[in-house]
Amino acid sequence: MPNRTPFVGGNWKMNTDARTASELASSLASGLAGTAGVDVAIFPPFVYLREIGSGIETSDIILGAQDVYDQPNGAFTGEISIDMLKDCGVRSVLTGHSERRHVIGESDTIVNKKTRAVLDAGLQCVLCIGETLDQRESGKTDAINEHQTRAGLEGVSKEQLANVVIAYEPVWAIGTGKTATPGDAQDAHANIRELIANMYDQEAADAIRIIYGGSMKPGNAEELMSMADIDGGLVGGASLNAEDFLSIIRAGAPQGV
Ligand code: PEP
């Protein structure tokens, strides 16, 4: 049985302010005792990264960024480079989040460029994929997941894949309060894992963490994360409340820890 360390990430999106961001981070850092065995990451807004980074320095929390630009520097007004993120202590970066794909309009090509830039820099990449409601209702869930996974990972080597976490996030479940059933999510995850075996090999497929995102809450996290191919969660709304996020992290902890 493959032994994958669960991964739980909190995507704060464009929420919090300087005070609430610091308070949230310090509540998480002090509340994390007893959740050994889970990799925990938070993805605050860019402008708070540096301060949050120093606030969680003595904890095991991984500091993450919600986005990055793929070029190292230059005339790219408003963009943030990987070195800038590294300066802030960032170790993990989200790419392909559905809000960037569907609200901001990022293409598969852009997602792939960002993914490769993150991995080339030696950082962890959480590549987000998932189908819209229309796509789900027309039976295209697995085809969309395959397309976005192949496109996102184009040019990514097996060695680099070790630094990738895939977040399966059905778009219709993000921020809506609707959650995929554990069975439906498990089916999607198992198909993504099989795809990774075809694209790379079985060893890579057994090792990669595939996490679920889409209205994960304290009340549904344990059941979702108990499924064989669900290795944790990417949490939006519920990660803004320290107690809720800590309870989701505890739900992902291996039994007996
Ligand atoms: C997300 O932003 O990745 C997400 C899953 O959001 P929520 O938990 O609010 O659905």
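Predicted model: local features only at pLDDT ≥ 70, side-chain atom pairs only at ≥ 80, totals over all residues.
The crossing of helices H11 and H12 is right-handed.

**How H11 and H12 pack**

- Two packed helices can be described by the angle between their axes and by the distance between those axes.
- For H11 (residues 218–225) and H12 (residues 242–252), the axes come within 8 Å and cross at roughly 20°.
- Angles under 35 degrees count as roughly parallel, so H11 and H12 are roughly parallel to each other.
- On the H11 side, the contact is made by Pro218, Ala221, Glu222 and Met225; H12 brings in Asp244, Ser247, Ile248, Ala251 and Gly252.
- Sorted by class, the residues in this contact of H11 with H12 are 5 nonpolar, 2 polar and 2 charged.

**Inside the nonpolar cores**

- The largest nonpolar core has 64 residues, and those with the most contacts inside it are Leu28, Ile42, Ile196 and Tyr212.
- Take Ile196 as an example: leaving aside its neighbours within four places in sequence, Ile196 is in contact with Thr149, Leu153, Leu161, Ile166, Asp201, Ala204, Ala205 and Ile208.
- There is also a second, separate core of 11 residues, including Phe7, Val126, Val165 and Ile211.

**A look at Gly237**

- You can find Gly237 in the loop between strand E8 (232–235) and H12.
- Is Gly237 buried or exposed? Its relative accessibility is 58%, so Gly237 counts as exposed.
- Gly237 and Met227 are 10 residues apart along the chain, and their C-alpha atoms are separated by 22 Å.

Note on methods. Residues numbered from 1 in each chain as written. Heavy atoms only, no water. Axes fitted to C-alpha atoms, helices over the stretch in contact; angles between N-to-C directions. Helix = DSSP H or I, 4+ residues; strand = E, 2+ residues; numbered from the N terminus. Parallel < 35°, antiparallel > 145°, perpendicular 65-115°, else oblique. Left-handed = near helix turned anticlockwise from the far one by under 90°. Contact = heavy atoms within 4.5 Å. Nonpolar A, V, L, I, M, F, W, Y, C, P; charged D, E, K, R; others polar. Core = buried A, V, L, I, M, F, W, Y, C linked by side-chain atoms within 4.5 Å. Buried < 20%, exposed > 50% of the residue type's maximum accessible area, 1.4 Å probe, protein only.
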